[in-house]
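Here's a quick briefing on some helix packing. Have the viewer open as you read.

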Amino acid sequence: MARLITTAFVQRLRHSVDRWLFRVGAAEPAPIRLGQRRIYVLPSAAGIAFALALLVMLLAAINYNLSLGYALVFTLGGSAASSMLHAFRNLYGLSIRPGRCPPVFAGDTAVFTLLVDNPAPRRRPALRLGAQGQCSSFELPAAQETAIPIACPAPRRGRLVLGRSTLETRWPLGLIRAWSVFVPAAECLVLPTPEADPPPLPRDGAGDTAPGSRRTGEGDDDFAGLRAHRSADSPRHVAWKVLARGGPMLTKEFAAGQGRELLLDWDHLPPGFDDERRLSRLTAWVLAAEREGLRYALALPGVRIPAAAGGAHRERCLRQLALHGLADATAGEQA
Amino acid sequence: MSTARSSRRLGLFRHGGALPRERVTPLAPTLRRNQGAWLLGAAAMAIAPHSVWLPAWITALGLALLAWRALLLWRGSRPPPGVLLFALALAVAAGVRLEFGHFFGREPGVAVLVLLLGLKLLETRAARDIRAAVLLCLFLQLALFLEDQSLPVAALVLGGTLLALGALVALADPDGSQREHLRTAAALLAQGIPFMLVLFVLFPRIQGPLWGLPADAFSARTGLSETMRPGSISVLGQSEAIALRAAFSGPPPPPAQRYWRGPVLSRFDGREWRAEAVVESASPAYPLQGERIDYLLTIEPHQRRWLLALEHPGSAQPAIRYTSDLRALAAEPLRARARFALGAYPQTQAGVEESPAVLAAATALPADSNPRSRELAAELATGARDHAEILERVLARLRGLRLAYTLRPPLLGRHTADEFLFDTRRGFCEHFASAFAVLMRAAGVPTRIVTGYQGGELNPIDGHLVVRQSDAHAWAEVWLQGRGWLRVDPTALAAPERIDGGLAAALAGAGELPFMLRTDMVWLRDLRHRWEAVANLWNQQVLGYNPERQRELLARIGLGADRLARTLGVLAGAAVLLLAALYGWSLRGARTRDALAREWERFCARMAACGLPRPPWQGPLDYAEALAAHFPAHARELREICVLYASLRYGPHAPEEDLRTLENRIASLRLK
């Protein structure tokens, strides 16, 4: 009980420190430039041990009247003090902006990327970027922008924001820790976990009730003709033989693939399913339909995405599934 | 698992590049070669110089452990198991116990540090171990100063400190090059030195020791002792170590007057001379008479209280005590090099009214020793009118014996005076003084031995008189009624050059002298004079900077009264100034990407202040259009600036003049 209270207290304290000292709040506009006001410097544990050792050495120098002992202790103390400014200088002037973060499935690892720019003509060694309890170590070459990946577990679907991040360095002596706290506008879309072994796509039962669905009764493999390749086309439908003969890149069209339309409908799933299980199955179906090159529509409570095919359509559907029921679901649909 | 598979199958959600190899901590648990090179270098530099003072096996074992570590590092093999290291540590502890008999004290302490460093390096697993090893290196550097604080040792420690800092830098930045590590470590060391200078001068000095020191804190070195037997002073003749320095305010006294008085020995057991108990007082026991010679005496630490002053001492310095046997003493044993302002009164008659007990002790002889000398003394004493005449006769007889002066006298048996005078006839000053005293005592004249130094060499570079251990000397004092104690130097009978020209003159050509004392190499002598002048400056100004000197200095620069508070204020102010200077340095050069980028940033910042910031994704040409739309009155100038920037940034070549044109255009732009 007491431990719970202290943990809560520590968390609250940390929160207040974040707000009042580090001015951590909402995500900051990019680029975040590390000026002198937002770099903090304190001795590390090793630095405190070093200071104690210097104190012992100073006592020895006093005790044995060693003039050069004083000189040695003072030189080391001076070097440690100047290492404080070296550490500060190692962070000073860097600027950070969020980079791309591809969506992942819940349970996977989201890889955020922050672009850290080092405008100075010198290398910045021994940096450490920490966020969400993870960290990555790196160094920045001179006068260059470097993409720093930071991998965080993504346990739940929705938006995963990187949030409070710290960039720190213990260079050059490891005695001083210089750090800066910031909130980059970096977030990752976490998709629902696709169901591991989903039932076949609902071609017959649910599909034919969808408006605009056309039943041709022809098989999937009925070749219907060639058309110009579009980047969203599945590679398995590319007319490789034509390409191999030196012709243009064409896509084979099939009667079924073109004509069949699926409706992936939330309401047609078995009634015993809870929301997450429904989302999981719909996700698996979206992936399967796309893989087979089918046209499909998605119907969720309150949202309906008309039938289409291709990468953009799939991403739109997956985004809708990821954000379903969350506070900013509609914002996700509009985006 | 399945999700991973599905995303792999899709191939679309994969992020762009492969993840760089992750290091969970930047402090790799295993030591890399470049880190190891720094660390082992620092450790070797910390251990090796101790081989001069420590028992050979300890430094050899320490270095062997380092070599073992180096081998492991080179081969990339794993460190030895903990059990082996523990056993090794126990064995080492037992070895140190056997060698010194105890663990407490300076030498065993340093020995333990040396071996601990070797063992610690063998078990460096985490960054913490490496830091601990670096701290051990620094402790060992400090321990070097316990033995020697000369300039070369200071340079050695400076080098060792550089390596230790380099080891810490390499630890923090394992991917950097050795050159970068060296540059960073050297910069840190160089930036530490101004702090050191300020703190060295201003940090309030406290006279140690703060607590009781272990018994061997100040180990015995070559020097005089309170006993004398045949051979004890000729040992010192081999040593070139400096015993004391004197800076005379006037011309230095002639060599024949340079007798630096040390222990007075009047108890004789037939072979060995010892000091009698003496009475101390705050003022000299004799009236100060005649000419006065002022000088500043700097004595190397010899762990005893005697001051080795010129005869006869008198001083205004309150801390000096005087003994009944005409010596000057310091209040405390001389544990550090110390400086005394002294006066000498060579014409003073001392001990005219000597106590009968002292005189009785000065005529005592053990009954069963030196029968032949007694016989000779009895023969010389018969018919003499007074003690002065006996003295004349003894000196004349000694002169007639044709005794030879040598640094390597033959060994003597039980009757030292007999054997020297009648058999071997070769001896060093202690033989002469001892035989003379035995003869005089046998004749009933109060006589005692005085040890100390005689002579000294003027350094032409700084004008100081330098007295070495090889100038150690023993002479005699005879008490005559009405005249007090008279100095008699029997060595002068056989080797008068010893008194006027020092040991080198007396033994010229004999090939017995230490290398550096030889007179035939003029350039070497000159070099030595220069070096010793520098060393003296170092001793006086740097090593001799003690609480007293600090008080003087602070008073001179106007920090005299209310010393502590004001000194600490000045100290803090100086430290803040230094840090501010470093801060200015650290701000410089962080944003100097290139002149063109700076100009463009400045331009964009100005436009942002005017209400139209450039969104990060907008290129210069698009921004030009946006600006032109926002400020139609200046559309032409704004477009020109942006186009010029774009052509400079992305065009094929960018001459210097164009950059200047851009600068001028931006500077001359007036939007309001």
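Helices here are DSSP runs (H or I, at least four residues), numbered from the N terminus. Keep in mind that this is a predicted model, where local features need pLDDT of at least 70, side-chain atom pairs count only at pLDDT 80 or more, and totals for chains, interfaces and linings use all residues. Residues are numbered from 1 along each chain as its sequence is written, while chains are lettered from A and ligands numbered from 1 in the order in which they are written.

- Within α10 (residues 371–381) of chain B, the buried residues are S373(B), R374(B), L376(B), A377(B) and L380(B) (buried means 20 or more other C-beta atoms within 10 Å of a residue's own, exposed 12 or fewer).
- Those buried residues line one face of the helix, because they fall within an arc of 165 degrees seen down the axis of α10(B) (the arc of directions from the helix axis to the C-beta atoms).
- On the face turned away from that buried side sit the exposed P371(B), E375(B), A378(B) and E379(B).
- The buried residues of α10(B) pack against α11 (387–400), α12 (416–424) and α13 (429–442) of chain B.

**α2(B) against α5(B)**
- The axes of α2 (residues 33–47) and α5 (residues 106–122), both of chain B, come within 10 Å and cross at roughly 165 degrees (axes are lines fitted to C-alpha atoms over the stretch in contact, with angles from 0 to 180 degrees between N-to-C directions).
- So α2(B) is roughly antiparallel to α5(B) (angles over 145 degrees).
- L39(B), A43(B), A46(B) and I47(B) of α2(B) make the contact with V114(B), L117(B) and L121(B) of α5(B) (C-beta atoms, placed from the backbone, within 7 Å).

Key:
Helix = DSSP H or I, 4+ residues; strand = E, 2+ residues; numbered from the N terminus. Contact = placed C-beta atoms within 7 Å. Parallel < 35°, antiparallel > 145°, perpendicular 65-115°, else oblique.
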